[in-house]
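Subject: Structure handover

Hello,

Here is the structure I promised to pass on. My notes follow below it.

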Amino acid sequence: MPTNTDSTYFKVRSFFRTQVLNILGGHSKPAPGIHILNGHRIEHEEEPKTFKSLLEGLSKEVRFVHFEDAIKMIERHEQPKEPLVTFSFDDGFMECYDVFAPLLEEFGTNAMFFVNPNYVEGDEDYIRNFNDNIVFTHNKRPMRWNHLRDLSKRGFLIGAHTMDHFMINSSDKEKLNYEIRDCRTAIEEHIDKPCDFFAFPYGKLSEANETSIEIACSTYRYVFAQSQWKEYFSFNGRVINRRQFEVFWPISHVNYFLSCNKRY
């Protein structure tokens with residue numbers, strides 16, 4: 001668990017990062033390209049309004065596209081002449097169903113929700129441990145299978161994020177097969193649609209390895225990281241990169257990250 005010293009360091013780092021992004025973002029505009037913004041959660045009650053304001057602001061500068069359409073364009077190495085934005089969200093918290101999906105529908109788009117099946121159907125002890133010790137995001141509730149089925153019927157996509165939010169840089173092939181392959185099976189059993197999308201937890205390239213990427217790429221059509229966001233691909237073109245954001249970020253910060261000229 002983080003110590004008081006760690007907490008102070010991160011607060012100071014966050015403060016200076018915010019100041020820098022305020023300056024840089026104030027002069028930034030989204031660049032032409034296909035941008036995948038990947039979020040997770042809300043932290044405060046006012047954030048649904050914040051996300052709506054963010055979507056309203058972005059909609060004046062970018063065009064929102066459906067997730068599956070954006071991925072097909074990236075797969076074809078397209079170079080659009082306008083900024084296109086699509087969304088994904090990891091971990092499957094209930095605000096995905098209550099807040100994010102309805103707001104995205106208002107703006108005529110969808111999103112990908114990457115979920116962990118054991119969290120989806122976990123009991124109270126599992127949920128508490130997942131929140132407090134795995135993702136360090138306290139007091140959350142998971143979407144259950146009925147929520148995910150409803151989202152799927154409404155045009156949202158459900159992807160795999162390992163069974164337990166497991167860091168896949170392990171050398172244990174049996175564990176990797178369970179976390180990666182069995183995750184697809186569990187989702188397809190409940191959603192009754194093919195699950196072609198996998199995002200590995202934590203997202204940094206150091207948090208996966210060649211063995212796990214081989215298993216993932218042989219199981220899913222598309223595999224995603226949350227790293228090297230200026231590049232469309234990593235792992236020798238086998239993994240698609242996303243850019244982290246959170247719904248409570250000011251639009252100037254998001255615009256800064258959207259201002260990069262992405263490369264194939």
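Leaving aside its neighbours within four places in sequence, which residues is T211 in contact with? The answer is K173 and L176, where contact means heavy atoms within 4.5 Å. More on that pair of helices below.

First, the ground rules. This is a predicted model, in which local features need pLDDT of at least 70 and side-chain atom pairs count only at pLDDT 80 or more, while totals for chains, interfaces and linings use all residues. Residues are numbered from 1 along each chain as its sequence is written, and side-chain values use heavy atoms, with hydrogens and water left out.

**Overview**

The protein chain has 10 helices and 10 strands. These are DSSP runs numbered from the N terminus: helices are H or I with at least four residues, strands are E with at least two. The chain has 264 residues, and 53% of them count as buried. Buried means under 20% relative accessible area, exposed means over 50%, and partly exposed is in between (1.4 Å probe, protein chains only). Take the contacts between residues at least 6 apart in sequence: 73% join residues at least 24 apart.

**Cores**

The largest nonpolar core holds 58 residues. Within this core, F51, F87, F89 and F113 touch the most other members. A second, separate core has 19 residues, including F67, M73, M112 and F224. A nonpolar core here is a set of buried Ala, Val, Leu, Ile, Met, Phe, Trp, Tyr and Cys residues joined through side-chain atoms within 4.5 Å. In soluble globular proteins, nonpolar side chains tend to be buried together.

T211 is partly exposed, at 32% relative accessible area. T211 and L176 are 35 residues apart in sequence, yet their C-alpha atoms are 8.7 Å apart in space.

The axes of α8 (residues 173-191) and α9 (residues 210-219) come within 10 Å and cross at roughly 25°. Axes are lines fitted to C-alpha atoms, for helices over the stretch in contact, and angles run from 0 to 180 degrees between N-to-C directions. α8 and α9 are therefore roughly parallel to each other. The cut-offs: under 35 degrees counts as roughly parallel, over 145 as roughly antiparallel, 65 to 115 as roughly perpendicular, and the rest as oblique. On the α8 side, K173, L176, N177, I180, R181 and R184 take part. They meet T211, S212, I215, A216, S218 and T219 of α9.

Which residues of α9 are buried? They are S212, I213, I215, A216 and T219. Seen down the axis of α9, these buried residues fall within an arc of 160°, so they line one face of the helix. The arc is that of the directions from the helix axis to the C-beta atoms. Their cover includes α8, β6 (197-199), β7 (222-225) and β9 (239-241).

**Helices α7 and α8**

α8 also packs against α7, at an angle of about 75° and with the axes 9 Å apart. α7 and α8 are therefore roughly perpendicular to each other. W145, L148, R149 and S152 in α7 meet A186, I187, H190 and I191 in α8.

In α3 (residues 67-75), the buried residues are F67, A70, I71, M73 and I74. They cover an arc of only 160° around the axis, which puts them on the same side of α3. H77 follows α3 and has a positive phi, near 60°.

H66 is partly exposed, at 29% relative accessible area. Leaving aside neighbours within four places in sequence, H66 is in contact with T86, G108, T109 and N110.

α10 (residues 251-258) is mostly covered, with six of its eight residues buried. Those are S252, H253, V254, N255, F257 and L258.

Is D91 buried or exposed? D91 counts as buried, at 5% relative accessibility. It lies in the loop between β3 (83-90) and α4 (95-106). Its phi is positive, about 90°, although D91 is not a glycine.

N139 is not a glycine either, and has a positive phi of about 60°. N139 is in the loop between α6 (124-134) and α7 (145-153). At 76% relative accessibility, N139 counts as exposed.

Best wishes
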